[in-house]
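Work through the exercises below with the sequence and the model at hand. Each task is followed by its solution.

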Amino acid sequence: MLKNKVAVVTGGTRGIGYQIVRKYLANGAKVILFGSSEKSVNTALEQLKAENADWQVAGRWPKLTDAAEVAQTIEDIHREYGRIDILVNNAGISQSTPLYDYTAEDFDKIIDLNVKAVFYAILPAAKLMKAQGGGCIISTSSMVSISGQTSGCGYPTSKFAVNGLTVSLARELGKDNIRVNAVAPGVTLTDMVAALPKPMIEAVSRNIPLGRPGDPEEVANAFLFLASDLASYVTGEVLSVDGASRV
Ligand code: NAD
């Protein structure tokens, strides 16, 4: 489905991002995954190569909250590979802090990574995509971008912003043949979820009509669809993959 496409996936070392990288590789893409450290990137690359030595995968670890470093990395990749067809903004952190315990620094931290870093990656990538005749941008939102959550307001705030970037840029960049979409996972079994307080996970899980949390691979399937030509007329969409738990 993605033969000869070049994809950059942030937060590709574990969880949902790792499964997106696997799906893209298994469907013929060349993938450059980003992680937060050289060590985590190399571990992910070793695992992927062990699964399939033919997969064309490489890694980088730019500081995502540094706009200049991200732009330089994306431009270097474009120079090396000749194009970037797909940008996936998946790296993210969550928070569950009650409002009365919040600090300004906590709020800044989540907005810096979950919102500003998404913009920092889109900016250079969209310019290169426009020049090459088109491309596809997909960001990881969340079910809480629709419902909010009962504690840790910075996290839903950041994901509402991801949706805002998505629908606005879909309208702005359509003329340049760049599709912009987001995927809004529900509770998905990754390290991030394991780190949340148990009562919060249980409360959310009780409201899942499909009766279980999602698997990262099920979420990655939506990223595959949106990156592929099957979604050639889909843009400005926030696709929920949450077992209907938002409704
Ligand atoms: P995870 O913690 O397993 O993985 C997070 C990824 O982001 C890792 O690859 C990590 O290297 C990267 N990352 C984290 N902080 C970083 C930083 N400062 N700089 C660079 N990279 C950094 O989490 P996950 O559950 O796979 O989450 C991936 C995305 O999915 C996030 O955007 C998250 O908000 C979203 N999401 C997750 C769930 C869920 O239930 N797991 C639900 C909805 C949305």
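**Exercise 1.** Classify Phe-107 by its relative accessible area, then do likewise for Tyr-102.

Solution. Buried means under 20% relative accessible area, exposed over 50%, and partly exposed in between, with a 1.4 Å probe and protein chains only. Phe-107 has 31%, so Phe-107 is partly exposed. Tyr-102 has 16% and therefore counts as buried.

The model is predicted: local features need pLDDT of at least 70, side-chain atom pairs count only at pLDDT 80 or more, and totals for chains, interfaces and linings use all residues. Residues are numbered from 1 along each chain as its sequence is written, and side-chain values use heavy atoms, leaving out hydrogens and water.

**Exercise 2.** How many aromatic pairs are there, and of which kind?

Solution. Rings of Phe, Tyr and Trp (its six-membered ring) pair if their centres lie within 6.5 Å; planes under 30 degrees apart count as stacked, over 60 as edge-to-face and the rest as tilted. This rule gives one aromatic pair. The ring centres of Tyr-102 and Phe-107 are 6.3 Å apart and the planes stand at 70 degrees, so the pair is edge-to-face.

**Exercise 3.** Check the span of helix 4 and locate its bend.

Solution. Helices are DSSP runs (H or I, at least four residues), numbered from the N terminus. The expected span is 1.5 Å times one less than the number of residues. Just after helix 4, Gly-133 has a positive phi of about 105 degrees.

Technical notes:
Helices (H or I, at least four residues) and strands (E, at least two) are DSSP runs, numbered from the N terminus. The bend at a residue is the angle between axes fitted to the seven residues ending there and the seven starting there.
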